[in-house]
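Hello,

Here is the structure we discussed, with sequence. My notes follow below it.

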Amino acid sequence: MRAGTAGITITGTAQREAWQRRVLPPVEVVAPGVHSVPVVFPDNPMRYTLSYVLLDGDECVVVDPGFDSDEGHGQLLAALARLDVGPREITGIVATHFHTDHLGMAARLARGSGAWVALGRQERRHITAFEDAHEESALDQARMLGWGVPRERVAEAAISPEALLNMRQLADPDRRLRDGDSLSVAGRNWRIMETPGHTPGHICLWDDDGELALSGDHVLPRISPNVSLEIRGDTDPLRQNIESLQRIAGNDHYEVCPAHEYRFQGVGQRARVLEEHIEERSREVLQVLTAGASTVHEVARHLTWSRGWESLGDLQFRLALSETAAHIRYLVTSGTHPGVPGLMLAE
């Protein structure tokens with residue numbers, strides 16, 4: 001869902017122009033020692049991830065290296081080469097969260113360089129905690145049935161065994177970053193802030209002296225990041241997300257470097273807009289429930305979607321369902337509604 005850009009100042013003007021033209025933005029120097037590198041995200045509406053290369057003497061840390069594809073790998077290595085950095089000279093990799101368009105290329109880069117890999121303290125591999133991928137997929141299909149998904153669309157909504165096995169290939173972290181930890185690189189002390197919501201262990205990196213923030217997917221300038229009730233590990237992700245947004249409600253003068261779209265200032269205002277958007281969406285969900293909808297799927301198909309409900313398929317279909325489930329859970333834990341059958345299934 002979109003939540004608009006009111007109240008922010010766009011600083012990544014070339015990035016915004018590229019986003020509007022649906023092309024890759026240029027590699028840019030964000031600040032001394034901080035470089036923005038687009039890495040393609042194939043067959044996805046987000047199109048690419050903005051990776052950040054932090055350089056400091058012999059140290060090279062890549063934040064959110066992006067989806068693992070040969071094309072994206074080539075884009076990242078070409079950008080590093082222009083910075084006079086070879087693939088074996090990467091010393092560290094930080095992923096703001098455990099999603100394939102952020103952590104995906106970490107394993108390939110680490111194999112080629114011996115670099116350490118870091119994730120947030122609370123980012124656990126719940127989605128890969130299975131013994132049999134086919135059995136796990138069957139459980140997820142049962143969950144989708146419990147959410148009221150029509151039988152003919154259950155396989156489309158559920159995670160396939162192949163997708164589950166692919167996610168098992170994502171890198172395991174060598175380091176865990178906690179709230180308040182400091183990561184010194186590129187002549188800066190990056191303060192780690194835990195910002196759960198988009199995922200249970202999402203983190204942001206703040207350079208307080210340089211007034212710069214790497215926000216991952218926690219805050220984007222135009223799009224409201226997806227917050228989903230997913231396989232295990234999530235209890236009330238929307239409530240966590242609201243609390244995380246409230247934590248960053250100041251610092252409007254910082255330049256925010258997100259993992260998608262473009263750089264901006266006004267993170268506090270943006271956080272407030274996103275929080276208002278969540279509350280507005282929850283009111284819409286409550287209205288649909290009050291009108292008689294009794295399953296996650298039935299609620300979802302009566303909600304407003306930026307591209308229209310009928311256009312949602314495959315992953316976007318699943319994300320819409322999981323987002324709706326998160327809103328219903330939020331209403332339940334707020335004491336506003338008793339919920340719907342199947343909401344707790346397979347968690």
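How many residues does the largest nonpolar core have, and which of them have the most contacts inside it? This is a predicted model. Its largest nonpolar core has 45 residues, and those with the most contacts inside it are M144, W206, V299, W309 and L321. Two or more residues each come from α6 (151-157), β11 (203-207), α8, α9 (267-290), α10 (296-301) and α11. The biggest contribution is that of α11, with eight residues. Leaving aside residues up to four places away in sequence, M144 touches V149, V154, A157, A158, R318 and L321. There is also a second, separate core of 31 residues, which includes L76, A106, I159 and A171.

Next, helix α8. The axes of α8 (residues 237-247) and α11 (residues 314-333) come within 7 Å and cross at roughly 85°. Because angles of 65 to 115 degrees count as roughly perpendicular, α8 is roughly perpendicular to α11. On the α8 side the contact involves P237, L238, R239 and I242, and on the α11 side A326, H327, Y330 and T333. By class, the contact of α8 with α11 has five nonpolar, two polar and one charged residues.

The buried residues in α8 are P237, L238, N241, I242, S244 and L245. They lie on the same side of α8, because they cover an arc of only 160° around the axis. An α-helix has 3.6 residues a turn, so residues three or four places apart point the same way. The buried residues of α8 pack against β10 (188-194), α9 and α11.

Regards

Conventions. Residues are numbered from 1 along each chain as its sequence is written. This is a predicted model: local features need pLDDT of at least 70, side-chain atom pairs count only at pLDDT 80 or more; totals for chains, interfaces and linings use all residues. Side-chain values use heavy atoms; hydrogens and water are left out. Axes are lines fitted to C-alpha atoms, for helices over the stretch in contact, and angles run from 0 to 180 degrees between N-to-C directions. Helices (H or I, at least four residues) and strands (E, at least two) are DSSP runs, numbered from the N terminus. Angles under 35 degrees count as roughly parallel, over 145 as roughly antiparallel, 65 to 115 as roughly perpendicular and the rest as oblique. Contact means heavy atoms within 4.5 Å. Ala, Val, Leu, Ile, Met, Phe, Trp, Tyr, Cys and Pro count as nonpolar, Asp, Glu, Lys and Arg as charged, and the others, Gly among them, as polar. A nonpolar core is a set of buried Ala, Val, Leu, Ile, Met, Phe, Trp, Tyr and Cys residues joined through side-chain atoms within 4.5 Å. Buried means under 20% relative accessible area, exposed over 50%, partly exposed in between (1.4 Å probe, protein chains only). The arc is that of the directions from the helix axis to the C-beta atoms.
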